[in-house]
Amino acid sequence: MQSINVYIVKRLGQFFLVVFIGINIVFFVTHATPIDPVEYSIAAAASFGSTSPEAINMLRESLTELYGLQGGIWDQYLTFWKRIAVADFGPSVSAFPTPVSTLIGRAVPWTIGLLLTAIVISWVLGNLLGGLAGYYRESRILKAAGVIAMGLHPIPYYIVAFVLLIVFGYLWPVMPLGGGYQRNLAPGFNLAFVASVAKHSFLPALSLVLVGLGSWFMGMRALVSNIVTEDYVTYAELAGVERNRILTSYVMRNALVPQITGLAMSLGAIFNGAIITEQVFGYPGVGTLLVSAVHAGDYSLVLGITTISIIGVSAAVLIIDLLYPLLDPRMKAG
Amino acid sequence: MTAIASPAPGDVIAKPQREPVLVVSDLRAYYQTHYFGIVREVRAVDDISLHINPDEIYGLAGESSCGKTTLIKTIAGAIQPPLNVVGGSVRFNFGGAPLDVYASTPQARNAIRWRHLSYIMQGSMSVLNPVRRVRQSFIDFAFRHIGQPMPQFIDTIVAHLERLHLQANVLDAYPHELSGGMRQRVTIALATVCRPEFIIADEPTTALDVVVQKGVLAMIRGIQREIGSSMLFVTHDLAVHANLTDRLGIMYAGRIVEEGPTAEIFRAPKHPYTANLIHSLPRIGDTAPKKGLDGVPPNLAEPPPGCRFHPRCPLAMDICRRENPAMEPSGPGRRVACFAVTRGEPS
């Protein structure tokens, strides 16, 4: 019990250190960009008509304060951390004056909904099929599944996405071409809206599952092929333990430990959004938001998304690391 | 390779003993690989016949890669390609219920596992599932055979563990939390909890230090005597054989070359290989330097013609280079496969 507490404290310390260093890098990188958000906004505002120099000066002052850019770099740094603590990233440059946190808050549920579903489905299916294929090596159906998974895997993701879109959105138009939901529906928790969301996310999710499945499948199959030669599996076979039991409790149970780590990494990366997916399917998620923010030079929005993403990945890894001793009892020792 | 003087079942019945638990006749198991149309055969088990009586510990000795492990895998019916049985049979007889391992269905083979035939494996460090508690291994391996409801089943196991000086709390431990000796005792408990008629032990004490080894061997012997099972005990360590086994078979290059009561073999080895093996053992007070046998064991993919030992044999004769000596009776309860012994004219 003592060692487990030490382990938790160590991992928490690591988490805060990683987040701190990551956010520092974000701060200094964004401050090194040549785009000055204040001047950018003023230029945008001034283009609508002539403004008096006094008004522009006032605008510049209030914008500088809004973006947290007053004072020297050290003052800006302190302001930055104060604002991070309350999740305030200032107003968006491109969608001025909507706050960055509102924009991100709007996009995050879409991305989480889509990616969580797709990742969980491909992880479960890929591991299940991969485990079966590694254990029942003589099965023809599973061999065929292996060939399909290996065939799909090297196809670039955007090709899969476009093919799905062309086939099911254009040639045989059973699925919408893009968007997150039908435009004439008011977002709300009712059947029509939920059905529309499900329909719109089907193709993007399918494309992610098809591509994600292969790597889980092959990873699991390789792990299982190694584990079936372990002594404890041979021993259970000699003992006449049922094959299904050996597969689940002996083979898969041991192979899952590294696969769970992979799952955590994928889940953490959700906050980056699936940029290509969201672009191809016109999905209103974080990926789309990030791309438009980069295009628009929206300094505060990029900063906001990157910060959230750093915290997301680190938190996912932290949670999995804390759950690890439950998965693998040998971890308790170290 | 003809006329193997294997003890036909009839011979054994004639003795005042019960029927043997295991009869292996003319068993051949080769590793067969096919690459680009070229067939390669490694004759790891070549024409082996032996029988093991009830309540007997039969030792199998021989150097590394002589086919010991292949032989016991074949006996246990646990072979997978490229290892194939190409001839002979393995027949068990568990209290009047015969089972021909290679003429029965996988279901029939599975039905006897652990109930009648159990295994103590080499490398106890890794035979238990590392991510599950010891209790689960007992449940997976033995629950369906013992046929008791769970609380009584656990009581049975705890009582059995006590025989091996293990406390009930090892059931709640993970394998990595136990010491090597404890883990080996747990696997012995696991292999004996169903009171099987036949136990195969493959180098069970090799990874243990000598002190722990002594205790574990005494336990194996004690529990074997108590439940009256037969045992096939494999190790390259002759000292272990001398302490434990009733009868001993010496294996060389895929064949058994000599067999007999352990004490007799140690007292008067007949086959020149056995003789060299036994003379290589250190003795108290003996200060003469030990001389190893020249040469190395043959490659089993291309064994030498005739007797496989002849290139290293100090007694080799012409016939040894041409013909393979059969196992022939030589004295009470003993068999040996050597022309120099059975024809009695060492050159």
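In strand β7 of chain B, F198(B) is the bridge partner of L117(B). The model is a predicted one, in which local features need pLDDT of at least 70, side-chain atom pairs count only at pLDDT 80 or more, and totals for chains, interfaces and linings use all residues. Residues are numbered from 1 along each chain as its sequence is written, and chains are lettered from A and ligands numbered from 1 in the order in which they are written. Helices (H or I, at least four residues) and strands (E, at least two) are DSSP runs numbered from the N terminus.

β6(B) pairs with β7(B) (residues 198-202) in the parallel sense, over four bridges; two strands pair if DSSP finds at least two bridges between them. Helix α2 of chain B (residues 68-76) packs on the sheet and touches β3, β6, β7, β8 and β9 of that chain. The direction of this helix makes about 155° with that of β7(B), angles running from 0 to 180 degrees between N-to-C directions, with axes as lines fitted to C-alpha atoms, for helices over the stretch in contact. The sheet is open and mixed, with eight strands in the order β6-β7-β8-β3-β9-β10-β12-β11 (chain B). β6 (117-120) and β11 (328-329) of chain B each have a single partner strand, so one side of each is left without a neighbour in the sheet.

Strand β1 of chain B (residues 22-35) pairs in the antiparallel sense with β2(B) (residues 38-52) over 11 bridges, and Q32(B) stands opposite E41(B) in β2(B). The hairpin of β1(B) and β2(B) has two residues between the strands, and F36(B) takes a positive phi near 50° there. β1(B) also pairs in the antiparallel sense with β4(B) (residues 83-94), over eight bridges; L22(B) stands opposite F92(B) in β4(B).

Q213(B) lies in helix α7 of chain B (residues 210-227). This residue counts as buried because it has 20 C-beta neighbours inside 10 Å; the class requires 20 or more other C-beta atoms within 10 Å, against 12 or fewer for exposed and values in between for partly exposed, with C-beta atoms placed from the backbone. Apart from neighbours within four places in sequence, Q213(B) is in contact with T205(B) and L208(B), contact meaning that the C-beta atoms, placed from the backbone, lie within 7 Å.

Between the chains, 19 residues of chain B are in contact with 18 residues of chain A. The chain B side comprises 11 nonpolar, five polar and three charged residues, where Ala, Val, Leu, Ile, Met, Phe, Trp, Tyr, Cys and Pro count as nonpolar, Asp, Glu, Lys and Arg as charged, and the others, Gly among them, as polar.

How values were computed:
Two residues are in contact if their C-beta atoms, placed from the backbone, lie within 7 Å.
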